[in-house]
Amino acid sequence: MSQEKFYITTPIYYVNDRPHIGHAYTTILADVLARCHRSTGCDTFFLTGTDEHGQKVEKAAAKRGMTPLEHCDETVVRFQELWKKLGITNDRFIRTTQEFHVRVVQEILQELYDRGEIYRAEYTGWYCVGDERFFTEKDLVDGKCPECGREVTAIQESNYFFRMGKYRDWLVDYIQTHPDFIQPAFRANETLGFLRQELGDLCISRPKSRLAWGIELPFDTDYVCYVWFDALINYISGVGYKTDDAAFRRWWPASCHLIGKDILTTHTVYWPTMLKAIGLPMPKTIFAHGWWLTGNTKMSKSLGNVVNPMDMIERAGVDAFRYFLLAEMSPGNDANFSEAAFLARYNTDLANDLGNLLSRVSKLTVRATGGRIPAPGAPTEAEAELNAEVDSAVAAMKRGIADMKLDQGIGAVLNAVRAGNRYLEKCAPWTLAKQGNTERLHTVLFTAAEALRRIAVLLAPVMPEKMARLGEVLGYACGTLGSIGDLDRPGDLAGRTMSETEPLFPRILVESAPDQPARPVKPAKAAQTVQVSNRPEPAELITISDFSRVQLRTARVLEAMPVPDSAKLLRLRIDAGGEERQLVAGVARHYTPQAITGKTIIIVANLKPARICGVESQGMLLAARVGDELRLLTIDGDLPPGAVVG
Ligand code: MSP
């Protein structure tokens, strides 16, 4: 985080594709990292763009009766418009058909050719049109492309080769001595595994007789350049290599190339050896993230399970979509996308937890002071507890940015949000107002608003529009909320004017499909309604920290008796581990008092006491039910009462 400059890139996307959730994820992740670095005062450059040469583009254009460039000019707009919609703050959008890029690629080719790094030879092998890659006989899997499983074509032709193989030992040593170079570490091992076999030279040309849509080789006009060799160079041409020396010196080497795991070899073998031959320093980190899957399978057009970002944006808005992608995926691993999980996280984290905290604080403040955020009085332990939770969210977010663990940073911020709601319940400012305890009331309102201010700063890179709105409610004009770099210093909140607000994240009512039981979703003001498709998906996903709020314990039933006037209820006296409690349980139709006495059961130990049929119940037991059948949850073996379950 304290780096002097931060240069981040995404892969350049095939211009032919329709942007989907995978493209959106990489670009949003890069955007959030760029915003985070800018927010800490770090000089930042963010590059994305499109990969526009190659056979697929040539074929698609021919089919539409257009020139390849006309086709690209039309399709590139899909990416540019989506990035605008998603609030992407790239500093440059590079297209590999731009003249400056073509010139840089040609100059590099000529120099490498002049230095003998590129040579001509006969080539025999196999070619995958889909991946635009060559394979040797031994690379093939069951005679098919090892990458995509499609048919390959036998090819024999004269071509140009880059002497990649001679850099193998150097590359192995570089990877081993630079642990940050390929991240996560298991991807470095994958590359080292690949490098255990002999590394061949790389075919970097295509005869125009087979493919004309590419950058012409400057030393042989019968050929164009292999699309990957051309595309990788965008990372240096995009920051001024051979066109703007000052810019290039300022930004290169890149801090982070973000890629998906499927393009690891091209980035961790081809690209470093190309840079070595050109004579340029290596990027600091190449980070390969996992894939978004649907229903735990790879997305593909033929399976019809490709998630279109626009559908999700329409349901819950851009910021919620950005939030979901970043909160849900732990960047090295795959993640599963489901609409139900998206809506459940929206309703839980954003509508219930964050949105609720904001509306409570704004309403209470407007009621208590007319909106003026009061200066706090002397803090108590409750304030210290909440402040500590927010401090640890700040630290976790900074670690998350530095170590590419944004999901963990976001998780810590949401814990702070929940701590804010618990703080309000504990301090009950509504009661303080009734009691006329103004000093304490002011302390509580200030502390909760200050927690919200810091939370908004931490989440602003992920949800820029919503957090700017939250800032406005706290009395900060758009763009003046401050940055992550300022969070260790005291803010200037007291004295600002807070306004009441519409729900920041209106709850979305999730209607079950007709043959599914209705989902328990509270009705709310200004709620939107969407229909969730009838897929076998979990109803509402919770995080591990949500789950850890529920304290499950073993308990022994000491005594049981019927509850008067109830056929369903038993009153149980239980040993909950060093303390006796009374539970009321709806199990009388399934267990007699004798049958249940002496059993070790599982209880929710931190449930608020409630009166059921006039009898107090201090907790709840767990049971499983199918139709009319009900069975208690017990434990497998013998453990004393009070043992933690989880
Ligand atoms: N044009 C090349 C990259 C050249 S970079 C010098 C390319 N383009 S792509 O459009 O096919 O893919 C771009 C990125 O999208 C890759 O990083 C790929 O991993 C990512 N994704 C494609 N499908 C994905 C998911 N389902 N999930 C996450 N990312 C995935 O490859």
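# Cavities, a pocket and a ligand

Biologist: The lining of the second largest cavity splits into 2 nonpolar, 2 polar and 2 charged residues. Which residues line the second largest cavity?

Modeller: The model is predicted, so local features need pLDDT of at least 70 and side-chain atom pairs pLDDT 80 or more, while totals for chains, interfaces and linings use all residues. Residues are numbered from 1 along each chain, and side-chain values use heavy atoms, without hydrogens and water. A cavity is a set of 1 Å grid points where a 1.4 Å probe fits but cannot get out, and lining residues have an atom within 4 Å of a point. For the second largest cavity these are Tyr-14, Asn-16, His-53, Lys-56, Val-57 and Glu-132.

Biologist: How much space lies in the second largest cavity?

Modeller: The structure has 2 cavities of 30 Å³ or more. The space in the second largest cavity is about 30 Å³.

Biologist: What space lies in the largest pocket?

Modeller: A pocket is an open set of points with protein on both sides within 12 Å along at least five of seven lines. In the largest pocket, 48 residues form the lining, and they divide into 20 nonpolar, 15 polar and 13 charged. The space in the largest pocket is about 1800 Å³.

Biologist: Which helix gives the largest share of the lining of the largest pocket?

Modeller: Helices are DSSP runs of at least four residues, and strands of at least two. Several elements each supply at least two lining residues, including strand E2 (13-14), helix H1 (21-39) and helix H10 (264-278). The largest share, 4 residues, comes from H3.

Biologist: Which residues lie nearest the centre of the largest pocket?

Modeller: The lining of the largest pocket has 48 residues. Nearest the centre are Tyr-14, Asp-17, His-20, His-23 and Asp-262.

Biologist: Which residue has a side-chain N or O atom 2.7 Å from a nitrogen atom of the ligand?

Modeller: The ligand is surrounded by 23 residues (each with a heavy atom within 4 Å). Gly-260 places a backbone N or O atom 2.8 Å from a ligand oxygen atom, and Trp-292 places a backbone N or O atom 2.9 Å from a ligand nitrogen atom. The side chain at 2.7 Å belongs to Asp-51.

Biologist: What percentage of the ligand's accessible area does the protein cover?

Modeller: On its own, the ligand has 670 Å² of accessible area (Shrake-Rupley method, 1.4 Å probe).

Methods: Grid points are joined across faces, edges and corners, and a volume is the space filled by probe spheres set on the points. Ala, Val, Leu, Ile, Met, Phe, Trp, Tyr, Cys and Pro count as nonpolar, Asp, Glu, Lys and Arg as charged, and the others, Gly among them, as polar. A polar contact is a pair of N or O atoms within 3.5 Å; within protein, one must be able to donate a hydrogen and the other to accept it, and residues adjacent in sequence count only if both atoms are side-chain atoms.
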